[in-house]
Amino acid sequence: MTEFIKTVKKLCDASVKDYVNPYSYLDWPEALDIEQWFTSPELISLFGTELYDRMTEAEKKRLSFYEAVNFFSLNINGEKPLVQGLAERLYRRGNEETTRYLHHFLDEENKHMVYFGGFCRRYAGKIYPDKKMVFPRDFEQGEQDFLFFAKVLIFEEIVDVYNVAMSRDERLVPVARQINLLHHRDEARHLVFGRQIVRDLFINHSPRWSDETRQQVRNYLGSYLAAAWKEYYNPDVYRDCGFQDPLEIQEMAYQSAHARAHRKRISNGCIHYLLENNILDQEPAL
Amino acid sequence: MRTEAEIRESLRDWIVKTNGKIQPEQLNDETPIIEQRIISSLQVMDLIFFIENLSNRSIEVESLKVGVFSSINTIYDAFFQSNS
């Protein structure tokens with residue numbers, strides 16, 4: 001039995017054991033006062049800026065609410081194409097072994113959207129819309145599969161660091177903590193699967209790609225990582241908090257020295273893995 | 001309210017600044033910015049935020065037609081034509 005098949009079997013067993021009914025597991029408060037902590041202050045996009053320091057505690061807490069709505073929204077917006085991509089790969093020839101786990105992956109991603117959507121609809125009355133667009137293009141053999149799983153991995157690696165930190169943060173409103181914890185429990189398995197499949201796909205396919213394609217893939221992943229981070233600085237959040245020039249605030253927050261160091265620190269594990277496996281050949285600019 | 005010329009100039013400035021390598025004289029309103037990879041698909045999200053700010057209205061990405069970001073002309077026609 002190959003290492004990958006063994007991993008898939010273990011992950012399937014763990015998913016069955018950790019099965020959660022998303023409709024009965026969480027206790028949803030009827031209403032929530034939004035002047036409480038919903039996002040750990042240190043993870044708020046404006047943290048470390050002069051603007052943040054000037055805000056009152058109540059304003060910071062309101063911001064932490066809209067940042068949570070943004071965090072849950074960007075997860076929904078990332079999971080929608082993920083579910084689509086996973087469904088397309090079910091029972092595909094050559095995917096016999098992975099299909100067993102793809103069923104769990106799909107099921108768990110759908111559940112995450114139930115939690116995230118439940119929070120956003122109940123307490124904010126909306127989900128921040130997705131602003132990403134994908135343009136169709138041609139791929140070399142295996143390139144599209146590799147990029148699909150590599151993008152999922154990068155996205156989930158960042159999210160999981162936030163989930164772990166917030167699941168342990170006792171300052172947060174319980175329902176926000178619980179959602180972060182539930183998400184992390186599944187994501188921990190998805191990351192094991194993701195790291196392995198991304199490495200295997202790269203090893204199997206990239207030697208047949210042209211040098212130009214290999215370089216384009218590397219450049220694209222570096223840019224994708226930076227773009228994934230940009231979603232954490234959402235002008236709509238700043239607008240909802242009453243700031244006058246949301247786009248200027250986005251730029252200021254994104255470019256701040258604190259934010260750069262924060263992105264580097266949070267992405268460190270993911271970047272290290274991609275470099276170690278020769279998937280990236282240099283650290284992306286964040 | 002901004003004039004058509006001001007909007008087009010703002011779009012040009014943003015594209016030049018975001019690309020970081022292209023010179024302003026290399027870009028006109030018909031230049032295919034996606035096809036020539038002056039703007040990447042990953043930068044379109046920032047472009048959408050910029051257009052929303054400039055037009056003062058929200059953009060529903062799911063309802064956009066293919067090709068709206070092809071050039072400054074197509075962007076102007078899609079998001080500003082009725083506003084200016």
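Helices here are DSSP runs of at least four residues, numbered from the N terminus. The model is predicted.

**View 1. Chain B, the overall fold.** Chain B reads α-α-α along its sequence. The radius of gyration of chain B is 12 Å, close to the 12 Å that the globule rule gives for 84 residues, so chain B is as compact as a globular protein of that length. Three helices and zero strands make up its count of elements. Along the principal axes, the C-alpha atoms of chain B fill a box of roughly 30 × 30 × 20 Å.

**View 2. Chain B, contacts and surface.** Of the 84 residues in chain B, 43% count as buried. Take the contacts in chain B between residues at least 6 apart in sequence: 58% of these join residues at least 24 apart. The accessible surface of chain B is about 4900 Å². Carbon and sulfur atoms account for 44% of that surface.

**View 3. Arg37(B), a positive phi in a loop.** Arg37(B) sits in the loop between helix H1 (4-19) and helix H2 (44-55) of chain B. Its phi is near 55°, a positive value in a residue other than glycine. Arg37(B) has a relative accessible area of 59%. The cut-off for exposed is over 50%, and Arg37(B) is therefore classed as exposed.

**View 4. Asn278(A), a positive phi after a helix.** Asn278(A) is found in the segment after helix H10 (257-276) of chain A. Here too the residue is not glycine and phi is positive, with a value near 65°. The relative accessible area of Asn278(A) is 47%.

View 5. Four helices of chain A each supply at least two lining residues: H1 (3-17), H4 (96-124), H5 (143-167) and H6 (174-205). The largest share, five residues, comes from H6(A). By class, the lining of the second largest pocket has six nonpolar residues. Seven lining residues are polar, and seven are charged.

Note on methods:
Residues numbered from 1 in each chain as written. Chains lettered and ligands numbered in written order. Predicted model: local features only at pLDDT ≥ 70, side-chain atom pairs only at ≥ 80, totals over all residues. Heavy atoms only, no water. Nonpolar A, V, L, I, M, F, W, Y, C, P; charged D, E, K, R; others polar. Rg over C-alpha atoms; globule rule 2.2 N^0.38 Å. Buried < 20%, exposed > 50% of the residue type's maximum accessible area, 1.4 Å probe, protein only. Contact = heavy atoms within 4.5 Å. Areas by Shrake-Rupley, 256 points an atom, 1.4 Å probe, with all protein chains shown as cover.
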